Amino acid sequence: MTGLLDFWNQSLPQLLTGFTLSLQVTGLSLALGIPLGLVLALTLQSASRWLRWPSLVMVEIGRGASILVLLQFVYFGLPSAGLTLSSFASAVAAFCWCTAAYTSEIIRAGLQSVHHGQSEAGEVLGLDPAEILRFVILPQGLPVCVPTLLGFSILMLQASSLAFVVALPELMSKAQLIGSNTFRYMPLFALTAILYAAVCIPATIVVGRLERRLSRHI
Amino acid sequence: MTAGFLAPILGGVIWTLALSAAALAVGMVLGALLCAMRVSGGAVLAALAAMLILIFRAVPPIVWLFLIYFGLGAGWLQIGAFEAAALGLGLITAANLAEIFRGALKAIHVGQWEAAQTLGLPQVSRLCDVIVPQMLRITLPSIVSYAIGLIKDTAIASTIGVPEIAFQASNVSQATFRGLESFAFAGLLYIGLSIPIAMASRRIDLRLRSKVAR
Amino acid sequence: MIEVSGLVKDFGAHRVLDGIDLSVQRGEVIAMIGPSGSGKSTCLRCLNLLEAPSAGLLRVGDVTIDASRPVTRRQRLGFRRPLGMVFQSFNLFPHMTVLRNVSLAQERVLKRSRREADEISRQLLDRVGLGAKADQHPSRCSGGQQQRIAIARALALDPEVMLFDEPTSALDPELGLEVLNVMQELAAGGMTMIVVTHEMHFAESVSDRVLIMADGRIIEQGPSAEVMRNPQTERAQRFLSAVMNR
């Protein structure tokens, strides 16, 4: 037992460095991906097919192709098209794409939950479409999305573990690296699991509470 | 230029489907069990089930796979890559399905239980004839959309060597240095696989609905 | 003030409005009544282009819309500018205070400063008897209060014509009365109004002219008391006796 704790104690600093990188990649992907998701949510409803179709393709690929395959496509595939990205940039690009695709659907649903009479009221008051969006639809529709977006963010943190296939030194890569030196896989992956759970379980509980509170108000 | 070099990736489809089916089967059985524990197992079992559901979902799939395949595999339990992947993905699926089942149970009106009871139906018949058919109708769309997500998640099993689509794509990419085509093809395959399933589910859903609609 | 000729509206194969002709003088108060499904709300919604008319000509002031030609956004804005609209379901913005509800469009559309807009809003809220509610959110107000706020919001843009789409149908009779009182004052002040309503008393005593609609047509119209007491067509008699004898 002391052997296990000592081993955990030794590996923890390295794992934590990895975990910090996991959090950074996730945070950056969400910070870029969610605004992009909002843009896609709007262009998907646009009247112009020149906006709608490319958006639809972006979303369908981002949601339909496995995120692992997206990541490998960006890191291993794009160089042959002349675009070579570092493993960090590849991970952020792929996760951002995936985030935008999924959140576009979440945000679209949130915006559609705003009653139709609201935009009609804006219209008869003479507001233009951009003003209706800014003052009427977004302030009501976006808060509805928050719990779902947070739930999605937890899944993205978990998905960041896939960046180990492009050799990004995040938590999973660190665990794998120490494991291949010590061959003590079981305690290592157990500690890795505990680290993810230590963030994801409290976050899940908070999101659940938020969801219940929001549904009470509606 | 011939696309023949992509052929091995097609060979991965069968493994992708097999793994998805296996994980779904594990998830259905365990999920039903977890759901039963949560709703009728008494306080201790219910808390245990809630905790398991939380834990299964809080750890990324790849960590489950490595934990089972490399962790358990290092001395505790010899297990093949396919079985490890089916079990690992099955655990997460179980947790998610348990919540879907529980939601459906809540959605079935109390009156249905009471009606079954007052008709004097035996316990088994109450469950199998009255409740489960209604649950099936309610949960089918969620299960199908979960299954479609699961197909994409099986790509993660490539990291422990299950020869499914992503694994084959990776191999082809390394052998031919044509990563762009390989992974693009793999991505399209995943999208292509989900389309017939979505269509079939819509048809079944319509049929189930037309039975109860008036 | 308003001129409508040959207004037709189809929803798919279903003809909801079948050739409406109507002209409204400045200061006139018109009540549109009729059985549900007769097209009166659709007619009102076509009048401010919330529904696109399928055929016909619409004129408000000196802006004319021809339904057979595509309408540009600029034309639509110009056409709507003199029209104020009040909905059955109020449609106040729930995330803003009552004051912001009334001020927002003044700032964005009329380019008034925030101070100026707020001042006008407070005056209007006082006028509908709700000055004290200015800093609360609509959800803290009763339905009758919300509808009066909605009226103030429409008035804030200095409309020349006010359109009311069943303004009291979502309200208890008692709360509806508060709203009707405000509308009555508005009518007495010379506002041009078109009111789709089920309030027969309002139609008879407040409006100058009553239109009875059925099956997408205006089947009878004329001075209020005359039409209400002595309808000429059989269809109008049937409708009026049904609603009056309740």
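**Two sheets in chain C**

Q: Which residue stands opposite A214(C) in β10(C)?
A: In this predicted model, A214(C) faces R217(C), a residue of β10(C).

Q: How many bridges hold β9(C) and β10(C) together, and in which sense do they pair?
A: β9 (residues 209-214) of chain C pairs with β10(C) over six bridges, in the antiparallel sense.

Q: What sheet is that part of, and in what order do its strands come?
A: An open sheet of six strands, ordered β6-β7-β8-β3-β9-β10 (chain C). Its pairing is mixed.

Q: Which strands stand at the edges there?
A: β6 (83-86) and β10 (217-223) of chain C. Each has a single partner strand, so one side of each has no neighbour in the sheet.

Q: And how much are neighbouring strands turned against each other?
A: By 15 degrees on average, ignoring direction.

Q: Switching to the sheet with β1(C) in it: what is the strand order?
A: β2-β1-β4-β5 (chain C), four strands in an open sheet with antiparallel pairing.

Q: Why is one side of β2(C) left without a neighbour in the sheet?
A: Because β2 (14-24) of chain C stands at an edge with a single partner strand.

Q: What packs on it?
A: Helix α1 (residues 40-47) of chain C, which touches β1 (2-11), β2 and β4 of chain C. The helix direction makes about 65 degrees with that of β2(C).

Q: Back to β5(C): how many bridges join it to β4(C)?
A: Four, with β4 (residues 55-60) of chain C and β5(C) running antiparallel. L58(C) has I65(C) in β5(C) as its bridge partner.

Key. Residues are numbered from 1 along each chain as its sequence is written. Chains are lettered from A and ligands numbered from 1 in the order in which they are written. This is a predicted model: local features need pLDDT of at least 70, side-chain atom pairs count only at pLDDT 80 or more; totals for chains, interfaces and linings use all residues. Two strands pair if DSSP finds at least two bridges between them. Two residues are in contact if their C-beta atoms, placed from the backbone, lie within 7 Å. Axes are lines fitted to C-alpha atoms, for helices over the stretch in contact, and angles run from 0 to 180 degrees between N-to-C directions.
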